Amino acid sequence: MRRIVLDAQYSVMTRALTMALERQRPDFLVHSVGPQTQDIASLCRSCRANVLLMEVCTRAPRRLSDRLLLSASLQDMRPRCKTVLLVDEAEYPELAAAVCMAKKDHIIDDFVYASVSPAYLSAMIDSL
């Protein structure tokens with residue numbers, strides 16, 4: 001069983017991503033970060049997450065700088081948990097380029113564009 005913690009801005013997106021991942025791979029268990037969740041790294045530790053999938057946008061707390069800080073703190077608590085960022089490359093092309101650079105610089109484990117198919121997203125997470 002692969003455990004994924006998912007943090008996306010809107011509940012509609014969270015539900016869609018959860019359904020897509022669990023339909024593609026029944027061995028994925030997705031834990032969604034709720035609006036009351038204060039410490040995502042602790043949630044990852046408590047549910048023994050394999051992957052932290054986080055949406056990135058231009059508003060706090062989902063700015064790239066916020067996500068990179070969270071990724072660093074997660075590595076201290078759960079070093080085997082992989083960090084994957086999800087970015088809308090059509091809406092935020094500069095942000096998408098910065099996320100790509102974070103992957104190249106080995107600051108995050110991987111990233112996906114919001115336009116990818118559910119099958120691609122599932123396969124990418126499964127390969128981590």
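**Exercise 1. Which residues of H3 are buried, and how do they sit around the helix axis?**

Solution. Keep in mind that this is a predicted model.

Step 1: pick out the buried positions. In H3, these are Leu64, Arg67, Leu70, Ser71 and Leu74.

Step 2: look down the axis. The buried residues of H3 stay within an arc of 120°, so they line one face of the helix.

Step 3: ask what does the covering. Strand E1 (2-7), H2, E3, E4 and H4 are included in what lies over the buried residues of H3.

Step 4: check the helix's length. H3 runs for 14 residues, and its first and last C-alpha atoms are 20 Å apart, close to the 20 Å expected at 1.5 Å a residue.

**Exercise 2. Work out which residues and elements build the largest nonpolar core.**

Solution. 

Step 1: assign elements. At least two core residues come from each of helix H2 (40-46), strand E3 (51-56), helix H3 (64-77), strand E4 (82-87) and helix H4 (93-104). H4 has the largest share, at 5 residues.

Step 2: Leaving out residues up to four places away in sequence, Leu95 touches Val56, Cys57, Thr58, Leu64 and Val87.

Step 3: look beyond this core. Another core lies apart from it, with 14 residues that include Leu53, Leu86, Val112 and Leu121.

**Exercise 3. Which element gives the most to the lining of the largest pocket?**

Solution. 

Step 1: get the volume. The largest pocket comes out at about 280 Å³.

Step 2: go to the centre. The lining has 18 residues, and Asp7, Val33, Ile40, Pro61 and Arg62 are the closest to the pocket's centre.

Step 3: sort by element. Helix H1 (11-24) and H3 each bring at least two lining residues, and H3 gives the most, with 3 residues.

**Exercise 4. Is Pro35 buried or exposed?**

Solution. 

Step 1: Pro35 is in the loop between strand E2 (28-32) and H2.

Step 2: apply the cut-off. Exposed means over 50% relative accessible area. Pro35 has 81% relative accessibility, so Pro35 counts as exposed.

Step 3: look along the chain. Pro35 and Tyr10 are 25 residues apart in sequence, with 9.8 Å between their C-alpha atoms.

Note on methods:
Residues are numbered from 1 along each chain as its sequence is written. This is a predicted model: local features need pLDDT of at least 70, side-chain atom pairs count only at pLDDT 80 or more; totals for chains, interfaces and linings use all residues. Side-chain values use heavy atoms; hydrogens and water are left out. A nonpolar core is a set of buried Ala, Val, Leu, Ile, Met, Phe, Trp, Tyr and Cys residues joined through side-chain atoms within 4.5 Å. Buried means under 20% relative accessible area, exposed over 50%, partly exposed in between (1.4 Å probe, protein chains only). Helices (H or I, at least four residues) and strands (E, at least two) are DSSP runs, numbered from the N terminus. Contact means heavy atoms within 4.5 Å. The expected span of a helix is 1.5 Å times one less than its number of residues. The arc is that of the directions from the helix axis to the C-beta atoms. On a 1 Å grid over the protein atoms alone, a cavity is a set of points where a 1.4 Å probe fits but cannot get out, and a pocket is an open set with protein on both sides within 12 Å along at least five of seven lines; lining residues have an atom within 4 Å of a point. Grid points are joined across faces, edges and corners, and a volume is the space filled by probe spheres set on the points.
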